[in-house]
Amino acid sequence: MNTRPAALIVLCLLAVGGCTEASAHRAAGSLPVPLNGAESTSAQQARLLHDGEERAIASCMRRRGFSYRPVPAAPAVSANPYGLLTEDTAGTDGYGLVSAALAGAPKDPNARHLAKLSTDRRSAWREALVGTDDQQVTLTARGAPSVRINTDGCVYLARRDVYGPGWEQGGLDVAGVSAEVVSAVTTDPEFLAAQRKWAACMRDRGERVGTLQQARGVIQQAVLEAEDARSALVRAGRREQRLARRDATCQSRSDLAEVTRTVQRRVQDGLPHSSRQRAAELKELRERALRRAGAS
């Protein structure tokens, strides 16, 4: 039983900026990401933040007279915003799509408890968790989709406790800037030339894909068509491994990561100071939350 609406899933994505193994401080050989990794967390950091939020939700629900059991974190799918891939990652887990599908979404430990409640009590429980439309606000930011949140629910209040006020708006602002950076980089002539070299390399290996995202999309489509059938997912996994290895090899031969890094630097140099400052603020809020989560 899924107790959280789709809008909250969007906010969960904003909490960690999309799970990726790229460190906020680039190590040698790592892949470029926008805004010095302002939206990036490692899988371990994402779990720490998720667990911190769930503990805060449980505490809020207890204060409102309701039982709540923390929901386990879903499997994280590592995805570089440009579609870049290292050969090590490709060889270990492909794009990470099939392994996440095979793992499946975690079961909600609150489902059994909710099933025992009366209709009115169940409705009150959900309202305490996600809030009411009477206290709903809409957040907007350039380059990002608007997000509606209920500010009187324990999910929102827990996030405010974990990250501080203004986290959602800051995350949306940075998501918008990051999307603009990615768009500018992936439409730059230098990047497109490198991507054409990559596509030619892929054709030589029997893969007819024109963009990095299209290659990943082949596996995403296979996972969708599998419809949770394990045998079909296993076949998709074998296809994923072959395609991802070829993808990573061709990226290396076309020097796509370094080209992307160079173009990204040029694009970000043209950003207004306010955008870079906003990204730095968001990063600091996350790092504070991680320090608190690690100390708890």
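Start by selecting aspartate 188 and arginine 266: they form a salt bridge, with the closest N and O atoms 3.2 Å apart. A salt bridge here is a side-chain nitrogen of Lys or Arg within 4 Å of a carboxyl oxygen of Asp or Glu. Aspartate 188 sits in the loop between α8 and α9 (189-204) and arginine 266 in helix α12 (residues 256-269), so the pair ties together parts 78 residues apart in sequence. Helices (H or I, at least four residues) and strands (E, at least two) are DSSP runs, numbered from the N terminus. Aspartate 188 counts as buried at 15% relative accessibility; arginine 266, at 42%, is partly exposed. Buried means under 20% relative accessible area, exposed over 50%, partly exposed in between (1.4 Å probe, protein chains only).

This is a predicted model: local features need pLDDT of at least 70, side-chain atom pairs count only at pLDDT 80 or more, and totals for chains, interfaces and linings use all residues. Residues are numbered from 1 along each chain as its sequence is written, and side-chain values use heavy atoms, leaving out hydrogens and water.

Next, select arginine 278. Its salt bridge with aspartate 173 has the closest N and O atoms 2.9 Å apart. Arginine 278 is in helix α13 (residues 273-295) and aspartate 173 in helix α8 (residues 167-186), 105 residues apart.

Now pick Glu53, Arg159 and Glu168, a network of salt bridges. The total count is 12 salt bridges.

Finish by zooming out: the protein chain has 13 helices and two strands.
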